[in-house]
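Hello,

Here is the model for you to look at. My notes follow below it.

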Amino acid sequence: MTRLAMLFVVLLVALAGGCSGPPSDGRFSFTGPPRASFPPVSDALAARCGSVDCHGAAARNLRVYGANGLRINGVTGQGATTQEEYDATYTSVVSIDPEVLAIVLQEGGFAAERWIVISKGGGHEAHKGGTAMPLGSVSDRCVRSWVRGAVDQAACLEASEFLAPEAP
Amino acid sequence: MRALLVSCLLALAACSSDPVREQRIELLGPEVAGVPPGPLHRPNQPCLLCHDGDGPGDAVFSVAGTVFKLQQGFEPLPDALVRLVDSQRRHFQTATNCAGNFFVDPHDFDPAYPLWVSIEFGGVVIPMSTPIFREGSCASCHGDPASTESAGHVYFAPVEIPFPPSSCP
């Protein structure tokens with residue numbers, strides 16, 4: 001076999017390997033960030049990401065439920081976000097890129113921008129909604145603090161009130 | 001040669017259509033009898049579906065929608081001011097017409113999202129509770145009826161209040 005033919009076979013094997021994904025019934029399990037401390041984070045995400053024209057839509061992979069966006073189980077209008085909605089948002093958030101989130105969690109929240117929720121929200125990679133959580137902003141600090149295991153309540157509260165900028 | 005050129009042009013023309021948009025427009029149904037296409041037509045429909053510059057509407061809008069008087073019912077609110085503030089602190093204001101419709105020409109104001117909106121009528125200002133992040137048609141998120149995925153139509157008052165008479169027919 002010539003060197004060129006061997007190279008071709010190696011390339012084919014590599015391509016075949018590249019095309020083979022995880023099994024369709026494969027499952028990935030990990031312990032997510034604490035659910036109990038999630039509501040203020042969810043409120044921040046709802047304000048920054050969860051409007052009906054963005055992640056407050058059922059068609060999104062990342063779905064944010066809440067008072068001002070996507071509701072659940074027949075709830076309409078602007079009543080307070082329900083526990084069921086916090087649960088649904090939590091499930092959606094930790095189900096996005098869970099393998100990377102698990103690594104970030106194991107490393108105590110170090111370099112959390114590896115996780116797609118922060119990388120897209122922070123503008124580190126392409127995101128149709130732009131930079132919704134700029135690096136160092138209250139929303140960024142809120143989500144990162146949750147991943148680190150100690151929620152920055154003040155940052156989350158401030159992030160949950162996304163007010164219009166004042167006139168220059 | 002000519003046949004080949006015509007075939008290519010036909011293929012290009014076929015590719016330029018947007019079947020998703022076309023289907024969504026078709027679902028809106030025909031014009032209401034007696035209301036010709038224009039500023040008063042199709043209140044509370046997603047305006048930019050046709051009027052975003054790529055759709056069939058001649059006029060192009062950056063933001064457009066309809067304001068109703070009450071949460072219940074579909075009586076339009078004319079003469080309301082619609083105030084817009086974008087992320088670059090640029091302000092713009094327009095007003096609703098007799099159908100409750102308002103529309104913004106992108107030459108006048110093309111917002112950098114997020115965009116905050118409030119409605120003012122009779123000196124009372126009602127801010128929208130969330131900013132808008134990308135959608136210029138109010139009705140895309142405010143379609144009727146209200147549901148888990150829609151906030152319902154844009155209204156000024158949640159309950160019946162007296163409104164001053166307008167100059168609308």
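Chain A and chain B bury about 1,900 Å² between them, and carbon and sulfur atoms give 62% of that. Buried area here is the accessible area (1.4 Å probe) that two parts lose on being put together, summed over both. Asp53(A), Phe162(A) and Pro165(A) supply 29% of what chain A buries against chain B, more than any other three residues.

This is a predicted model: local features need pLDDT of at least 70, side-chain atom pairs count only at pLDDT 80 or more, and totals for chains, interfaces and linings use all residues. Residues are numbered from 1 along each chain as its sequence is written, chains are lettered from A and ligands numbered from 1 in the order in which they are written, and side-chain values use heavy atoms, with hydrogens and water left out.

The scores are ipTM 0.79 and pTM 0.84.

Back to the interface. Chain A brings 27 residues to the contact and chain B brings 18 residues (contact: heavy atoms within 4.5 Å). Salt bridges between chain A and chain B number zero (a side-chain nitrogen of Lys or Arg within 4 Å of a carboxyl oxygen of Asp or Glu).

One residue in chain B is worth a look. Lys69(B) sits in strand 2 (residues 68-70) of chain B (strands are DSSP runs of E, at least two residues, numbered from the N terminus). Lys69(B) counts as buried because its relative accessibility is 14% (buried: under 20% relative accessible area, 1.4 Å probe, protein chains only). Beyond its neighbours within four places in sequence, Lys69(B) contacts residues including Glu75(B), Tyr155(B) and Phe163(B).

Best wishes

Note on methods: Helix = DSSP H or I, 4+ residues; strand = E, 2+ residues; numbered from the N terminus. Buried < 20%, exposed > 50% of the residue type's maximum accessible area, 1.4 Å probe, protein only.
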